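Hi everyone, thanks for coming. Let me put the sequence and the structure up on the screen, and then I'll walk you through them.

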Amino acid sequence: MNTLQKTDILSEIIRTKRQELAEVMAPKRSLKKALAASKTGIIAEFKRKSPSKGWIHENARPEEVVPAYAAAGAAALSILTDEPYFGGSLDFIRRVRPLVDIPILRKDFIIDPFQLYQAAEAGADAVLLIAACLSRETCAVLTEEAHRLGLEVLLEIHSTEELAYVTPDVDVVGVNNRHLGSFVTDVRTSFDLAPLLLSRAGLTQQADRNYFSDKFAEKPIPAPPSATPTQEPRPLLISESGISDPATVRALREAGFRGFLMGEHFMKQPDPGAALSDFIQAI
């Protein structure tokens, strides 16, 4: 083989590798836009186990539950990938990605950029960053790297002290109603933090409802020109944990939330997809 042939083969290999890398880093499905356009905003979670409650649905198969969630009307999906404490696996995302075409959130305890590369490779569209697990500097670095990989960021907070983590770079802010230390759950946490989150953006609940109104359904969310704090693009709000009543979802939506992450309420039922369908009908 002459030098020219070797060079041609090497060039072809490099082109192929660049294409493979581009596919992994391509923009994903937008969690933020999917929730803004959704009538219900339900993020249905595949969760087999909990550290506080043990197995919830040990034999549940993601290939069955996740497509059923999508068919029932979920706006997006959350998949636990932590194995020791939640019975999850990163492979769950790989197995269901070809089966659904709505955003998938990798829910795990992300502390290192390598986990972001894993999420992108597996087919996730967004990742969870937990303020309680990270310094503000580390959170900012991980957010920037996630965006470089085409992933959106759901930043999870639980207290007023963690409001400082919320910046315009964050795509979605989740208020976890469950304290990660005691695992005590109280949905009032979301109601308490909602006005503070809106106030940081110089907004009222009515302004928030106008911004994420139904006229944006099936359209990109317009980013207002930045000039004053009230005009900065801002995260969409999600309430997480302890939600089991349609009336609670309606009240949270009035308070400014556009997403509602729910797992145990559905997963403890024999047919999680059917349970989601019934819940959506009741909202």
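Let's start with isoleucine 42, which counts as buried because its relative accessibility is 0%; buried here means under 20% relative accessible area, exposed means over 50%, and partly exposed lies in between, with a 1.4 Å probe and protein chains only. Before I go on, some housekeeping: this is a predicted model, where local features need pLDDT of at least 70 and side-chain atom pairs count only at pLDDT 80 or more, while totals for chains, interfaces and linings use all residues. Residues are numbered from 1 along each chain as its sequence is written, and side-chain values use heavy atoms, with hydrogens and water left out.

Back to isoleucine 42, which sits in strand 1, residues 42-46. Helices (H or I, at least four residues) and strands (E, at least two) are DSSP runs, numbered from the N terminus. Which residues does isoleucine 42 touch, not counting residues up to four places away in sequence? The list is Ala74, Ala75, Ala76, Phe260, Met262, Phe266, Leu276, Phe279, Ile280 and Ile283, with contact meaning heavy atoms within 4.5 Å. Isoleucine 238 is 196 residues away from isoleucine 42 in sequence, yet the C-alpha to C-alpha distance is 9.5 Å.

**The chain as a whole**

Zooming out, the protein chain has eleven helices and ten strands. Of its 283 residues, 49% are buried. Among contacts with a separation of 6 or more, 66% link residues 24 or more positions apart.

**The cores**

In soluble globular proteins, nonpolar side chains tend to be buried together. By a nonpolar core I mean a set of buried Ala, Val, Leu, Ile, Met, Phe, Trp, Tyr and Cys residues joined through side-chain atoms within 4.5 Å. The largest one here has 60 residues, and Tyr69, Ile157 and Leu276 have the most contacts inside it. Apart from that core lies another of 15 residues, among them Ala36, Ala76, Val172 and Leu236.

What does leucine 276 contact, leaving aside its neighbours within four places in sequence? Its partners are Ile42, Ala44, Tyr69, Ala72, Ala74 and Phe266.

**Two helix pairs**

Two packed helices are described by the angle between their axes and the distance between the axes. Take helix 3 (residues 62-72) and helix 11 (residues 272-282): their axes come within 8 Å and cross at roughly 20°. Axes are lines fitted to C-alpha atoms, for helices over the stretch in contact, and angles run from 0 to 180 degrees between N-to-C directions. So helix 3 is roughly parallel to helix 11; angles under 35 degrees count as roughly parallel, over 145 as roughly antiparallel, 65 to 115 as roughly perpendicular and the rest as oblique.

On the helix 3 side, Val65, Ala68, Tyr69 and Ala72 meet Pro272, Gly273, Leu276, Ser277 and Ile280 of helix 11. That contact is built from seven nonpolar residues, two polar and no charged, where Ala, Val, Leu, Ile, Met, Phe, Trp, Tyr, Cys and Pro count as nonpolar, Asp, Glu, Lys and Arg as charged, and the others, Gly among them, as polar.

Also in helix 11 is glutamine 281, which counts as exposed because its relative accessibility is 64%. Its C-alpha atom is 9.8 Å from that of threonine 40, 241 residues apart along the chain.

The second pair is helix 5 (residues 113-122) with helix 6 (residues 136-148), whose axes come within 10 Å and cross at roughly 25°. Helix 5 is therefore roughly parallel to helix 6. Pro113, Leu116 and Tyr117 of helix 5 make the contact with Leu142, Glu145, Ala146 and Arg148 of helix 6.

Leucine 31 belongs to helix 2, residues 31-37, and counts as buried because it has 2% relative accessibility. Its C-alpha atom lies 5.5 Å from that of proline 103, 72 residues apart along the chain.

Is lysine 107 buried or exposed? With 13% relative accessibility, lysine 107 counts as buried. You'll find it in strand 5, residues 104-107, and its contacts beyond four places in sequence include Glu45, Asp82 and Leu261.

Lastly, serine 241 is in the loop between strand 9 (236-240) and helix 9 (246-255). Its phi is near 75°, a positive value in a residue other than glycine.
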